[in-house]
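Open the model in your viewer and keep the sequence beside it. Each stop below tells you what to select and what is there.

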Amino acid sequence: MLNTQRTPARCKFLFVACILMLAGCSQQSSTAPSGATEPALSADLILENGRLYSMSWPEPSAEGVPAAGAPFVDGLWSPDAQAIAIKDGVILALGSTSEMSAFKGSATEVIDVNGASIMPGFVDTHTHIEELGATLDDVDLKGVQTEQEAVERVVRHIATNAVPAGQWIVARGWDEGQWADRFPTHALLSASVPNNPVLMDGMNGFGAWGNQLAMAAAGITADAQDPVGGEIIRDASGAPTGAVRNRGVALYREAVPPLSMERLENRLVNGLRIMQDSGFTAVHHAGVNTDLMAAYESLAAKDMLPIRVNAMISGRDKALMSQWISRGPTRFAGDKLFVQSVKGYYDGSLGARGAKLLAQYSDRPGHFGVSGEEYGFFTDEISAMLLTGFQVNIHAIGDGGNREVLHFFRDNFAINPEMKELRHRIEHAQVVHPDDFALYDELDIIAAVQPPFVAEDKVWTVDRIGMERAAGAYAWRTFRRHDVPLVFGSDLMGYDWSIFYGLHSAITRQSTDSQPPGGWFPDEKLTAEETIRGYTVNASYANFTENETGMLKEGMWADITVLDQDVFATVAQDPAHLLDGRVLMTIVAGDVVFRQ
Ligand SMILES: [Zn+2]
């Protein structure tokens, strides 16, 4: 049995902390001296003198106790290797620095990582990459506190970039959850920006407002009908205020003219480069429409994808779904693009009170949220995707939404039991009724969760659903106890995608100011090991690539992230220091795509 005592290790932690401060300040590259005898097998790249965690040992228990065989002794984690040798994009060997020098040939690049930690490449399993890329050409509203501040950013953008009259401006990132009870109207925006249509999109896509020109282009008039699953907010006289909720956002988005293919490809590459520089070797893109899919396919064909992409087909794009029903799940040549899943949209967000609850909202009596076909979920089309062999990943946030989605899976598995094997996911899996965790297990559903939600949503979650239901919210330990695999992501742009922020949120259930003390519903906290697995081993399972990536093992893809800190040691000492971490290097298929 394992010894999980933690006390005797304190002095060792201090020693580790000293190493951490030195790590990564001076990685050095060299090539082996010429004239030396060539080894029988010579590596393309060797990383040496690191703290390598392969993550290739067995899973921890449901309570987070490391497995026998994990490099965990006397309550202390230690690296299971120091160095790794890479050839032709795959891992040739790992071991001590001196063992790896056996693979140094005259053309081998050797990088001394100088005590930094070498981890399997991190994967963000829920992203919206085009929105990330768009930050380089749209107006960023993240962090705005007032309507006036938001409008000023748009005015400044127009002036700085000399945007011609008539050209659409998209601004995004204001917090619909925080502003749920005070959505702005068009008045100030129309007065300040009279010559360009402007869309002010919320950070989670559940609320927006526009100016007069945007309203006219989107057909948001006094006579307009509310769209299915959405609301045009109106004043006492029935006139639209300019603000919309839930699927009403689509009215504005559809009015924005489409980008050229070249600009779209550019936007995706920009987004992927930001992720690559943030230490991610792969992303799962949650909902890709016809245009984005064409851009991804074109980038894959030109070998221009900087990191790997699991592109989920948008479950709102019927034409794209029927196209892929004929093509079937596909892994593209080069193993950079995977199209094997569809993203369904089942209910709204909790912040904007769109998530479907079994009982009324605690802070809006008589209101239950919206779900299913009312929310734009295409039951027949998604069922057809499932029965064709696609993995189905459905957004469900409320306990009602989660239950209905579980029943959707159960009913389809009754028609074709083999479909249960396809590793279907529920995206967010945010509020789950205590009776329904067992159903997740029975149906083999993966819970795809975003740890940063806890750090940020905790300020209003109890208002929306009350204490009792909050106990089943973001319930990661409960999922583990029910043997439900967890995969982690950020849901960017709504939340910061920093890997250190994600790790910190999952491990502490605190915001960056270390609140609340001890963590929010601390029983649901995860260990460092479980959290890292959610971003690596489990993430590759969810992409059907667990035999190729997710851990560092001979023969697997050389997808590697190098960090300036040892996450295990930092967590043992003080998890707040995770937030000081930096990514030093990102390696995809043996290529160093980012190096600080
Ligand atoms: Zn999302």
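Start between domain 1 and domain 3, where 2 salt bridges are counted. This is a predicted model.

On the side of domain 1 that touches domain 3, the elements giving two or more residues are β9 (117-120) and β27 (591-595).

Now select the whole interface. Here 18 residues of domain 1 are in contact with 18 residues of domain 3. Between them the two domains bury about 1,600 Å², with 56% of it on carbon and sulfur atoms. Across this interface, 8 residue pairs are in polar contact.

E530 sits in helix α17 (residues 528-535) and R480 in helix α15 (residues 476-481), 50 residues apart. Are these two buried or exposed? Both E530 and R480 are buried.

Next, select E109 and R595. The salt bridge here is 3.9 Å, N to O. E109 lies in strand β8 (residues 109-112) and R595 in strand β27, so the pair ties together parts 486 residues apart in sequence. E109 is partly exposed at 30% relative accessible area. R595 is partly exposed too, at 33%.

Move to E231 and R245. Their side chains meet at 3.1 Å, N to O, in a salt bridge. E231 belongs to strand β15 (residues 230-234) and R245 to strand β16 (residues 240-246), so this pair ties together parts 14 residues apart in sequence. E231 is partly exposed at 32% relative accessibility. R245 is buried, at 12%.

Then select D138, R172, D201, R253 and R267 together. Salt bridges link them in a network. The salt bridge count comes to 31.

Finish on helix α12, residues 399-415. At 1.5 Å a residue, its 17 residues should span 24 Å, and the end C-alpha atoms are 25 Å apart, which agrees. Which residues of α12 are buried? They are D399, G400, G401, N402, V405, L406, F408, F409, N412 and F413. Show their surroundings: these buried residues pack against α11 (379-388), β21 (391-396), β22 (425-428), α13 (437-442) and α14 (452-470).

Methods
Residues are numbered from 1 along each chain as its sequence is written. This is a predicted model: local features need pLDDT of at least 70, side-chain atom pairs count only at pLDDT 80 or more; totals for chains, interfaces and linings use all residues. Side-chain values use heavy atoms; hydrogens and water are left out. Helices (H or I, at least four residues) and strands (E, at least two) are DSSP runs, numbered from the N terminus. The expected span of a helix is 1.5 Å times one less than its number of residues. Buried means under 20% relative accessible area, exposed over 50%, partly exposed in between (1.4 Å probe, protein chains only). Contact means heavy atoms within 4.5 Å. Buried area is the accessible area (1.4 Å probe) that two parts lose on being put together, summed over both. A salt bridge is a side-chain nitrogen of Lys or Arg within 4 Å of a carboxyl oxygen of Asp or Glu. A polar contact is a pair of N or O atoms within 3.5 Å; within protein, one must be able to donate a hydrogen and the other to accept it, and residues adjacent in sequence count only if both atoms are side-chain atoms.
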